[in-house]
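Please keep the structure open while reading the points.

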Amino acid sequence: MPLPCSPNQNHLLAALPAAEFERLAGHLELVPMLLGEMLYEPGGQLQHAYFPTTAVASLHYVTESGASAESAGVGNEGVVGISLFMGGDTTPSSAVVQTAGHAYRLEGHLLKQEFNRAGLMQRLLLRYTQALITQMSQTAVCNRHHSVEQQLCRWLLMALDRVPARELVMTQELVAGMLGVRREGITEAAGQLQRAGLIRYRRGHLAVLERSGLEARACECYAVVKKELSRLLSDVQYRQGISTVVR
């Protein structure tokens with residue numbers, strides 16, 4: 001049975017003091033996020049921020065030729081729509097749901113209003129943005145210098161940190177698009193991991209059998225991103241339900 005949704009499943013919302021959370025609570029709208037759903041398009045005016053609970057969104061760029069690559073993922077550790085409070089309002093990238101689930105949606109002007117109060121919400125969002133920039137920078141380095149298998153291990157580990165289950169619904173085409181590599185490369189890398197007994201892949205469902213094995217085969221990029229997020233939010237006190245920023 002699926003777990004009931006709560007704003008406290010999102011780490012940023014769970015970190016707000018009661019007074020700040022109550023100002024937003026009545027405006028948070030629980031929405032389903034369907035696989036492949038476009039949350040915003042390149043150059044479009046952002047209207048809402050999304051605080052994922054069980055869903056994961058991919059921030060990526062599509063070239064004129066139609067090729068694409070992910071620059072970062074956003075799950076229950078963060079928020080989709082940083083352009084709203086950073087002052088840009090638009091972005092050349094897009095946000096697409098890569099793992100179906102739920103999120104809490106908040107109108108953009110309300111997020112800006114809370115951000116401009118210069119309370120804890122502002123500090124949380126700025127720290128999270130720094131962590132997101134780290135993730136984007138590390139992704140660029142990883143895609144340039146590390147093998148497809150290492151990239152796949154990094155991507156899987158980050159996905160596991162954001163979902164409650166050990167099984168992910170995905171296709172090899174989806175992962176190839178996220179990493180910006182050929183599908184054949186993902187097929188080969190996934191085959192190697194499956195033969196090693198680390199994963200089981202069948203008909204769009206991927207189950208992780210041995211997480212420690214993925215961590216051993218991943219490059220340093222996964223640990224760098226995880227450590228930076230933990231460092232930036234290490235002093236956060238949660239109202240309830242969350243003891244650490246990432247697993």
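1. Of the protein's 247 residues, 51% count as buried, where buried means under 20% relative accessible area, exposed means over 50%, and partly exposed lies in between (1.4 Å probe, protein chains only). This is a predicted model, in which local features need pLDDT of at least 70 and side-chain atom pairs count only at pLDDT 80 or more, while totals for chains, interfaces and linings use all residues. Residues are numbered from 1 along each chain as its sequence is written, and side-chain values use heavy atoms, with hydrogens and water left out.

2. The protein has 10 helices and 10 strands; these are DSSP runs numbered from the N terminus, helices being H or I of at least four residues and strands E of at least two. Its radius of gyration is 18 Å, close to the 18 Å of the globule rule for 247 residues, so the protein is as compact as a globular protein of that length. The radius is taken over C-alpha atoms, and the rule is 2.2 Å times the number of residues to the power 0.38.

3. The C-alpha trace spans about 50 × 40 × 35 Å along its principal axes. The accessible surface comes to about 11800 Å², and 52% of it belongs to carbon and sulfur atoms; such areas come from the Shrake-Rupley method with a 1.4 Å probe, and for residues only the protein chains shown count as cover.

4. Among contacts (heavy atoms within 4.5 Å) with a separation of 6 or more, 75% are between residues 24 or more positions apart.

5. Three strands form an open sheet in the order β8-β10-β9, with antiparallel pairing; two strands pair if DSSP finds at least two bridges between them. At the edges are β8 (167–169) and β9 (199–202), each pairing on one side only.

6. Strand β9 is joined by 4 bridges to β10 (residues 205–208), and the two run antiparallel. Ile199 has Val208 in β10 as its bridge partner, and Arg200 stands opposite Ala207 in β10. The hairpin of β9 and β10 has 2 residues between the strands, and Arg203 takes a positive phi near 50° there.

7. Gln98 lies in strand β6 (residues 94–99). Gln98 counts as buried because its relative accessibility is 3%. Leaving aside residues up to four places away in sequence, Gln98 touches Leu35, Val56, Ala57, Ser58, Glu70, Trp155, Val169, Leu174 and Met178.
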